[in-house]
Amino acid sequence: MIGVAVLGSTGSIGVSTLDVIARHAERYRVIVLTANGNDARLLEQLRRFQPAYAVMADETAASRLDAAVRAEGLDTEVLAGASALEEVVELEEVDQVMAAIVGAAGLRSALAAARAGKRVLLANKESLVVAGHLFMEAVASGGAELLPIDSEHNAIFQCMPTGFRDGLAESGVMRILLTASGGPFRNWPIDKLEQVTPAQACAHPNWDMGRKISVDSATMMNKGLELIEACWLFGTDPGHIQVVIHPQSVVHSMVEYADGSVLAQLGNPDMRTPIAHAMAWPARMDSGVGSLNLFDVARLDFEAPDLMRFPCLRLAGEAMRAGGTAPAILNAANEVAVQAFLDERLPFVAIAGIIEETLSALSVESVETLNGLLEIDRRARAIAEQFITARV
Ligand code: NAD
Ligand code: MG
């Protein structure tokens, strides 16, 4: 039996992961489930999957959950707080860690899984954006297996040659073609973007995701974060990655080789495919995703991204080129700005400006320690919050 810890099990990726696991109960056993504050949903998952441990970041929610677990006589130990997340991923009976917490809040636990040499199923792209160098080092020194869950990166991984870790040029790879749906506002008149509501931004045309990543898709910061994520995962730079708008979200990304071949991975837009791929790799298993009907899809469109409409994509590329702490600052400012937009304290079109102002306010340093990066994250959040408050 393969033991799995699902971090962020109550979220969109977490629920899809449990769906895949339930289809293969003879092979995978859930050891740990975790959530931030939704104890009701976590309790339902505990009843169904009976893990040895449950962790809740929110202490009050954890005590409610603990009381319910005792009352029902469930055999799960309930732990509380962020440090418990790091402890549970290190458990010997945990073989695979699904890192599906949203935002920089997922960094410490993902890093702990890498250091502990687990198979890390990485959905939390923010970990790589904030601490790419540190994270890849932890994977190498811990002897972890890093499998990307983000659909594009999972597609790229599937199209890469086996020896790609020795260098892309050496293995005949010319460039990565990173596809993007373009989000819900790809064709909206630019002046209408002023009035975008959180509900509109969260209604993605092809994917059903958590609220933060849905807003990131609408601003295309998601593709910006993914550009940075791809640089770390595949050891390359933004100059070797072309973002391609592909509204149907059927081609999940491509790899171009020196001989002119372009390999693509296609499939229905359903995260259970990359999840099942990464869990079973190098084998294959059923994910529950239906067969791709190309006659229904009928056509595949591709176009260049519009950096005027989507300044966040430009900012992310610039931050990666600047290096050092710039991507961590970008990520922190984005998290704060997106939350302010979701709380209706900031217009949609102002998100990019807050990020750009925060990047200008802080100088780029080279910081290689976790505590150093978390300190930058805190400072960038505080500054972004000041810019948001100053607007009104
Ligand atoms: P979500 O909002 O649906 O779920 C987030 C999960 O994290 C929840 O279980 C929540 O309880 C937990 N969480 C939130 N804040 C926390 C905190 N401070 N401490 C501990 N736990 C916390 O998000 P999602 O859409 O499932 O996305 C999760 C991650 O996967 C993100 O990094 C996202 O970018 C990435 N991702 C998601 C998708 C998708 O289709 N949803 C696709 C690619 C990548
Ligand atoms: Mg993606």
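A helix axis here is a line fitted to C-alpha atoms over the stretch in contact, and the angle between two axes runs from 0 to 180 degrees between N-to-C directions. Keep that in mind for the first stop; the model on screen is predicted.

**Two helices**

Select residues 107-115, which are helix 5, and residues 370-391, which are helix 16. Their axes come within 12 Å and cross at roughly 160 degrees. Angles over 145 degrees count as roughly antiparallel, so helix 5 is roughly antiparallel to helix 16. The crossing of helix 5 past helix 16 is right-handed.

Now show the side chains where the two helices meet. On helix 5, pick Leu-107, Arg-108 and Leu-111; on helix 16, the residues they meet are Leu-370, Asn-371 and Leu-374.

**Aromatic rings**

Next, turn to the rings. A pair of aromatic rings is described by how far apart the centres are and by the angle of the planes. The count for this model is six aromatic pairs. Select Phe-157 and Phe-164: this pair is edge-to-face, with 6.1 Å centre to centre and 85 degrees between the planes. Are these two residues, Phe-157 and Phe-164, buried or exposed? Both Phe-157 and Phe-164 are buried.

Move on to Phe-341 and Phe-348, another edge-to-face pair, at 5.5 Å centre to centre and 65 degrees between the planes. Phe-341 is buried, as is Phe-348.

**A lysine over a ring**

Finish at Trp-188. Which residue lies over the face of Trp-188? Lys-192 does, at 4.7 Å from the ring centre.

Methods
Residues numbered from 1 in each chain as written. Chains lettered and ligands numbered in written order. Predicted model: local features only at pLDDT ≥ 70, side-chain atom pairs only at ≥ 80, totals over all residues. Heavy atoms only, no water. Phe/Tyr/Trp six-rings, centres within 6.5 Å; stacked < 30°, edge-to-face > 60°. Buried < 20%, exposed > 50% of the residue type's maximum accessible area, 1.4 Å probe, protein only. Lys NZ or Arg CZ within 6 Å of the ring centre and 35° of its normal. Helix = DSSP H or I, 4+ residues; strand = E, 2+ residues; numbered from the N terminus. Parallel < 35°, antiparallel > 145°, perpendicular 65-115°, else oblique. Left-handed = near helix turned anticlockwise from the far one by under 90°. Contact = heavy atoms within 4.5 Å.
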